[in-house]
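Visitor: Could you walk me through this structure, starting with the overall picture and then going into the details?
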Amino acid sequence: MRRALLTTALLAALAAPAAAQATLDWSEAEIRLVGQHGPWPPPPARDPSNRVSATPVGIVLGEHLFSDARLSGDGLVSCATCHQEGRDWSDGRALGKGRADLDRRTPSLWNVGYSHWFGWSGAADSLWAHTIKPILDAREMAGSSARVARLLREDKELACGYERAFGRKPDGDDEQMLVNAAKALAAFQATLVSPRTRFDDFRDALMAGDREAAARYGQSEQRGLKLFIGEANCNACHFGPRFTNGEFGDIGIGFFVRPGEVDAGRLGGIAALADSPFNLLGRYNDDASGANARRTRHVRRLHSNFGEFRVPGLRQVGRSAAYMHNGSLATVEDVVRHYSEVSPDRLHSDGTPLVRALGLSAGQSSDLVAFLRSLDAAPPPRPSPPPLCP
Amino acid sequence: MRHALATLSLVVAAGVAHADQELPIFDAHMHYSHDAWTVVPPKEVVEILKKAGVKRAMVSSSNNEGTKMLQDVAPQVIVPELRPYRSRGELSTWQRDPTVLPFLEDLLSKRKYVAIGEFHIFGADADLPNMRGVVQLAKKYGLYLHSHSDADAVVRHFQQDPDAKVLWAHSGFERPEKIREMLRRYPKLYCDLAFLTSHASGGKVAPGWREAFLEFPDRFVVGTDTFTPERWHYVVEHARWSRQWLADLPPDVARKIAYENGDRLFGGSQ
């Protein structure tokens, strides 16, 4: 069947209407690699460390809290201030801005529920623990556990929603209330799954041997995809349905924050993770088996962690500029140029380097950009959240 | 983000507080290349070394002016190494560049160095004329070869000059068993531990490596490898981390690896 698909290109071009395009020649190995980037969407994310994960009542409480600025110290900043639905759950800025200017770009929340490390440095091992950080951080929301707990206790609607989600009134200690608010927020964020894209249609058609459907994918996009999984080796890190291994890398981007100060990246993230009372080794992990804490238990620091940052997923990549942990690249084209020209002297490896200057031609760069943009799709409009206590 | 920076700052602060009382470090693998000069000026470098408790540092730079700039500020601290690169980007071209040997000879005639390196060479490329020339220059001036290479290239260095003195950068990223085999075979082979973490975790020396350190306590040195400007801000943390695992070795072995070997092999200021 696949051999037949490969040989149909010419026939299709001859027989099809002028607007139709041909599929390129895809080898068995390439088809297998393309197949690894799907299917999409995946099953809903379920986090065993979060008792309200994937529960309708937890999700609805989280959605209400997400846009509630009362969680912040001055009542002016909510999660949605920086993670805006209309900006693909980011803010469109190079660097984030909460109550003060930040040193890293605001990451999009698309598909965040499927990660295993969170934040640019992986300072959290669960989405709910990561959600606590901006609430408490003085430069972001500058909230407090006492403030969050008071809000949940005193606002009748929220208190009702909390009771429905957690099966008890909001009467725990302040820190437990903060954790539970974060767990509801995480339950909501985990529902933000990016829509299917033209790449997904091509991938599924290729896997099914559907020539006609596969040929709807542009030739430039197909050439870019071939580069991505082949010569450019992008899929060494950007693999799987989300186009990320969920780990960390140094791709030659500088990490000075200001003179005399660096962003230690993953190295600092590992230290922060170990220090956090909210990590999966702590008392707030709802998974009694502790199985989900395996990564946290075994993570070890490497010198190479200094200046490493999380490998982002690439779905919706063209819609979520700017790029890199520090927003230092403005466009997808800039990102491709970076990989084409990256200095080998900024990289260090103990063997064959994963990142090397690709030396792409203008045509190759254009193809790679075309492929990356085929991972974008306009999401359908979201309905308003249902009431907490109908 | 803030948390991460704050945590690292605390770690750094802890390192500063105890540097005076702690094991001194001879850091045998540092670079001060041209893109570092303005963002981490020489005085700041010296301050970082002081905070880290690094008593001496063997430094090479692309270009070598960076090493001279540091020597001018701290002649007792900086041990100069001659690098065959004039700028970043020559890492993968120097092996066949006909201008490299005249460039090295010119600098050797003007200034004192203790080593040539760190250079990058692998496999049969170590038999190219440039590499052979570097081996002969090292022999002529009595210098160490600081070689970022695989075991094959190291073997070729010794084939070209059986009396060569080779500092094997990153211990070739080799397994400790292979390193021990090479150290037994070549008495003038020494190993730096820069950028390696396989030998220690959580303050404990890994099995295999422990045997290597105990069998060859006179042949290992530590190094940070400041291959980008940012990594100068890792020197203090690296020294702290090194002291942690060194404390898991017998004190005499720890002292040798920390600084006595560096002092003995590469000496102090030139």
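This is a predicted model: local features need pLDDT of at least 70, side-chain atom pairs count only at pLDDT 80 or more; totals for chains, interfaces and linings use all residues.

Visitor: Fine, so how many helices and strands does chain A have?
Guide: Chain A has 15 helices and 4 strands, and its C-alpha atoms fill a box of roughly 70 × 55 × 40 Å along the principal axes.

Visitor: What radius of gyration does chain A have, against that of a compact globule?
Guide: The radius of gyration of chain A is 22 Å, which agrees with the value near 21 Å that a compact globule of 390 residues would have. Of those 390 residues, 45% count as buried, and among the contacts in chain A with a separation of 6 or more, 72% are between residues 24 or more positions apart.

Visitor: How many residues of H3(A) are buried?
Guide: In H3(A), 9 of the 11 residues are buried, so this helix is mostly covered. The buried residues are Gly58(A), Ile59(A), Val60(A), Leu61(A), Gly62(A), Glu63(A), His64(A), Leu65(A) and Phe66(A).

Visitor: And what covers them?
Guide: The cover over the buried residues of H3(A) includes helix H4 (79-82), helix H7 (156-166) and H8 of chain A.

Visitor: Let's stay with H8(A) for a moment: at what angle do H5(A) and H8(A) pack?
Guide: Helix H5 (residues 127-136) and helix H8 (residues 174-189) of chain A pack at an angle of about 115°, and their axes are 8 Å apart. Because angles of 65 to 115 degrees count as roughly perpendicular, H5(A) is described as roughly perpendicular to H8(A). The crossing of these two helices is right-handed.

Visitor: Which residues meet there?
Guide: From H5(A) come Leu127(A), Trp128(A), Thr131(A) and Ile132(A), and they meet Leu178(A), Val179(A), Ala182(A), Lys183(A), Leu185(A), Ala186(A) and Gln189(A) of H8(A). By class, the residues of this contact divide into 8 nonpolar, 2 polar and 1 charged.

Visitor: Switching topic, where are the cis peptide bonds in chain A?
Guide: One runs from Gly38(A) to Pro39(A), with omega near 0°, and Pro39(A) sits in the loop between helix H2 (28-35) and helix H3 (56-66) of chain A. Another cis bond joins Ala321(A) and Ala322(A), with omega about 5°, and Ala322(A) is placed in the loop between strand E4 (309-310) and helix H14 (332-341) of chain A.

Visitor: Over in chain B, which residues have a positive phi without being a glycine?
Guide: Among them are His170(B), where phi is about 60°, and Phe173(B), where phi is about 50°. His170(B) lies in the loop between strand E6 (165-168) and helix H7 (176-185) of chain B, and Phe173(B) also lies in the loop between E6 and H7 of that chain.

Visitor: Is His170(B) buried or exposed, and what about Phe173(B)?
Guide: His170(B) is buried, because it has 21 other C-beta atoms within 10 Å and the cut-off for buried is 20 or more. Phe173(B) has 16 C-beta neighbours inside 10 Å and therefore counts as partly exposed.

Conventions:
Residues are numbered from 1 along each chain as its sequence is written. Chains are lettered from A and ligands numbered from 1 in the order in which they are written. Axes are lines fitted to C-alpha atoms, for helices over the stretch in contact, and angles run from 0 to 180 degrees between N-to-C directions. Angles under 35 degrees count as roughly parallel, over 145 as roughly antiparallel, 65 to 115 as roughly perpendicular and the rest as oblique. A crossing is left-handed if the near helix is turned anticlockwise from the far one by less than a right angle, and right-handed if clockwise. Two residues are in contact if their C-beta atoms, placed from the backbone, lie within 7 Å. Ala, Val, Leu, Ile, Met, Phe, Trp, Tyr, Cys and Pro count as nonpolar, Asp, Glu, Lys and Arg as charged, and the others, Gly among them, as polar. The radius of gyration is taken over C-alpha atoms; the globule rule is 2.2 Å times the number of residues to the power 0.38. A residue is buried if 20 or more other C-beta atoms lie within 10 Å of its own, exposed if 12 or fewer, and partly exposed in between; C-beta atoms are placed from the backbone.
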